[in-house]
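Here's a quick briefing to read alongside the model. Have the sequence and the 3D view open as you go.

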Amino acid sequence: MSSLQFDIAHLLAGSLVLASFMMLYQDRLYALLNVYALHAGVLALSVAWQAYVQQAPHLYITALIALAFKAIIIPVALHRIIKRLGIHREIENVIGVGLTMMAGIGLVALSMVVMLRVTPGADALAREDLAFALSVVLLGLLIMVTRRNAVSQVVGFMSLENGLVLAATGAKGMPLVVEISVAFSVLIAFIVIGIFLFRIRERFDSVDVQALDRFRGERR
Amino acid sequence: MNGLRDILSQGAQMSLVLGLAPLLTGFVRKVKARLLRRRGPPLLQPYRDLVRLMRKDVVLADNASWLFRVIPYLMFAGTWVAASLVPTFGNGLLFSWTADLIAITALLGSARFFQALAGMDVGTAFGGIGSSREVMIASLAEPAMLITAFSVAMIAGSTQLPTVAEFMGSDAVGLRVSLGMAFVALTIVALAENARIPVDNPATHLELTMVHEAMVLEYSGRHLALIDLSSQLKLLLYVSLIACVFLPWGTATADASVARLALGTLVYFGKLTVLGFLLAVFETAIAKMRVFRIPEFLGAALMLALLATLLRFVSGSL
Amino acid sequence: MIAVALWSVAALLALAPAGVVLSTRPRGSIILYGGCLIATSTLCVTALSALLYSPQLAPSAILPIGLPWLGAHFRLDALSAFFLVVVNLGGVAASLFAIGYGQHEDSPGRVLPFYPAYLAAMNVVVLANDAFSFLVAWEFMSLTSWAMVVSHHRDAENVRAGYVYLLMASFGTLALLLAFGLLASNAGYDFDAIRASHPSAALTGTVVILVLLGAGSKAGLVPLHAWLPLAHPAAPSHVSGLMSGVMTKVAVYGFVRIVFDLVPEPVWWWSMVVLLVGGPTATLGVLYALMQRDIKRVLAYSTIENIGIIFTGLGLALAFKAEGLDWVAALAFTAAMMHVFNHALFKSLLFFGAGAVLGATGERDMEKLGGLIHRMPKTAFVMLVGCVAISALPPFNGFVSEWLIFQAILLSPQLPSWGLKLVIPAVGGLLALAAAFAAACFVKLFGISFLGRPRSDVAASAHETDRFSLTAMFALAAFCLIAGILPGLFIDALAPVSKDMVGNIMPHQVGLQWLTIVPIAESRSSYNGLLVFLFVALCGTAAASAIHRLASDRLRRAPAWDCGYPDANPAIQYSASSFSQPIRRVFGSVVFGAREIGEMPPPSSPLPARLQVELHDRIWDWLYAPIARAIGFATERINILQFLSIRRYLTLVFVALVVLLLVVAL
């Protein structure tokens, strides 16, 4: 692999981490969705580049799925949901942006160390891709943990899934069937969650998941 | 002969930045005005303002101390020296090794230190508010700048700006994601340091929203002219810095021929025009932030810079 | 050479009992401080010549005092010589300052006898070449400084400060005692013997941790810093200057002597521990400093910050030394030593300035000062120099040492260990934050107390301090500038120290073109303080004269403008607390659990609105308070032992004896 190919792959994977950070930083729902669409777009580009580099045409399909579902359909649908729910106000983070970002940096450092340590033999690109992918997964989890709003939790979950796809393409091994089934399961998860959102709102007049906790008699 | 030439090119650099700084500010103002479909002040208006202010009497507050009168000169001198150490048209000038990127940052820090003191000297409420907010902004912007410098220095293997510029212009540098992060961080820092729009508004005199203007509220006449000139120099410095690190193409080396140097100067003008235009577009497109949103904005720059450094530390050893 | 040094120390010791007599005489303090001045300058010159002209000589001496089979060993190698210079430069400045300042003292009998003894003790710590004399001198240093901390004993806060200080000092000495005990277990107390021995890795690891606890508690490393901001401000100002500027350096000396010299080759995780303590110490120390409103307490907290910077440098040096990169280790070590020297200069200067303000106004609270630049112009000028220097701004000395540390950080990707690769950039970030906070902190200190309008009558009627104090402060300020613009001289002077401690030296600096400093290679990094200083001075004067000649030099005075709302009441100005409010709001809630409680009475009510700020020292709440509670709990339980009958006491003794015998028997 030439150094330019490597550089572009590295740049795209790194941009995915960067987009995850932008999601951590955003505290408005619409902006969050837009960044998520960007996240998915970067993922699609990254996968497509891998397809070109590895000369694996089935990865183009993966890229297409990512672009169509994750970068266009899901964000648009979520936009609509938010509009119908009327919740386009600020997200309340559980902890402040500064602390979240610091935790994020720590997670990236952690995944770097773990991945680079356990894969000394693999080639440089796969190692870096895996490290970046693990960071994206961890950052997605962090988004889910630090947000109270159900919609942003969904977005956190989706970005986590993007990290998995990145890992799979970097590792040059995921069969197309698995990829398609993962994409569909995500879609189904999305539909189920969407339905749930409306149900939650009907019950509690809010999609703040704290309302659920209160209903169960828990206190924060 | 060679020594004379070196000194001449260094002198050319110093007068170039000094002469160009008001023009850049005028250009940004003009573009902003045109984007808002106003006609805007003429390009040369900043020069006229400076001359007019220089000629006026200084009206000094009754209890202003000697420090208050010295600070404009200190700020101006510090910023001017810092600005002439950043490569513009040519690389590797005679005194370019006097201070590296870290020292330039610290030199600007000195200028700001004194500016914040000036805000507190007369003992007014507005001066205090300006200084106190300025140090809050600086306490995040300066580390962000330093860490950005770290990541750039690690990529280029040097903190010397001429070496960095040379390295960035060569083929050895690839597309690096840490470079992109450093660029975003440096841009945010530059916006904050120059009191540009999302952080502060250079055009406003609304009391409670201003930071930079509140600190220099008591200045008048030649003192105010010098302070204005040093903030214009600072804007030029940051734009040249971004140009020299991230758009390093076309810069001449110091021992190149005169024609090559002239070409370098033209290219430099081109870079300034592009970056100034982008700045104006950005400022027009975005709204000013509340004061306590600024720490988050700058904190993001700090984190990006840290992330860039971290990535560099790790992937540097692959 | 060492004989001169020891005789001077003896002279200082002899001055201590003389202090008792002299304290009753009207001009006694002048004689005593004059004596100290002579003795410390002799020591300073001796040590300097040892460092510059015969660093490899390392003369030693054995005196027949102390333990009968050991004697007292002394040695003057490069490291000792350097620290002697630091200690005695501080001593000279403090004694000179005190000739003037000491006359304000209400009860000189509580300070005079201890002052020379304290100086002598610090010198002996640095000179000692066996564990016994080292520890005795260390403890003597703690006790004499404690005596001066409680010299103003009528103030309840000072008594508390003294109590906490005594506790922490004992803890530190205990840790050092254990460390030396472990080291001496297979070698004896003589440092030469310890150096020659080969202790096991586990043992040296334990020793390093113990030394970090012992020396670190004296130096003020977080979380062992709790006593420092209480004790340092409580002492008379010249002693505060010595404690902050010099005694913390003696603690650094203890750490360097044991970790770099006495124990064999370092292991990388030691540096990890040191870095993880040093970086947060720097940032937290200065954040605490920002929140204070008492001048001397601000300075004490800023000492903690600088100690953090020094230990970061030492940690880097350890890391590079452990990995065999001794040329980078030399850079980091030299940077740390340079900062030791610089901090001694500007911290003494700032404490003296605070003392001058205290003498002139009787106030340490910044909220009651203001406008002193008009009443005390010379003090204000030197304080300004000190503030710029400590904020690590060019062209003064603080910047040079931080710049060198940053250069060492930039070389750390060469380290093989993953942990260090990740910790070092984070520590670099913390240092950058600390530098920026320090600038904010000293803008606040200088701006609130010296600029603006006086906030109280005492500040409005202050008067300039005496000539001796001013001489001392101006000398220190001049040193700050010289060390800032000619750092090459100092780096070269430190070469033998770094040669002894890390086995390599930085490239030779003097003789480079224009006196630039180049730590590694010119294409990599260079800095020229002299040229920066000259350029700024030239550009500033040129601009001033050009504008005055060509444009306008007229000036008139008028009331302040203030956007058209000038108010004659000085209370309208920003105060120390309001100045730090934005930073408190951004960082305080996380670090200090800061909360602002506003009370706004209803519109018709005549009651004033109130704003209260709560700050918590989390380290105190989470570490010290539980320990104190646990000890309180335990003592209450054990308390019953005090009220037993004789028969029961005898039973206890008997049972203890039998148990011991059983242990021996089995």
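What follows covers the basis of the numbers, then chain C, then chain A.

This is a predicted model, where local features need pLDDT of at least 70, side-chain atom pairs count only at pLDDT 80 or more, and totals for chains, interfaces and linings use all residues. Residues are numbered from 1 along each chain as its sequence is written, chains are lettered from A in the order in which they are written, and side-chain values use heavy atoms, with hydrogens and water left out.

**Chain C: fold and packing**
- Chain C has 26 helices and 5 strands (DSSP runs: H or I of at least four residues, E of at least two).
- Its radius of gyration is 26 Å, close to the 26 Å from the globule rule for 666 residues, so chain C is as compact as a globular protein of that length (taken over C-alpha atoms; the rule is 2.2 Å times the number of residues to the power 0.38).
- The C-alpha trace of chain C spans about 95 × 70 × 60 Å along its principal axes.
- Of the 666 residues in chain C, 60% are buried (under 20% relative accessible area, 1.4 Å probe, protein chains only).
- Among contacts in chain C with a separation of 6 or more, 79% link residues 24 or more positions apart (contact: heavy atoms within 4.5 Å).

**Chain C: surface**
- Chain C exposes about 25200 Å², with carbon and sulfur atoms supplying 68% of it (Shrake-Rupley, 1.4 Å probe).

**Chain A: annotated stretches**
- An unreviewed UniProt entry lists "transmembrane region" for residues including 58-82 and 130-147 of chain A (annotations may be inferred rather than shown by experiment).
- Residues 58-82 of chain A are 100% helix, with end C-alpha atoms 34 Å apart.
- Residues 130-147 of chain A are 94% helix and 0% strand, with end C-alpha atoms 26 Å apart.

Technical notes. Buried < 20%, exposed > 50% of the residue type's maximum accessible area, 1.4 Å probe, protein only.
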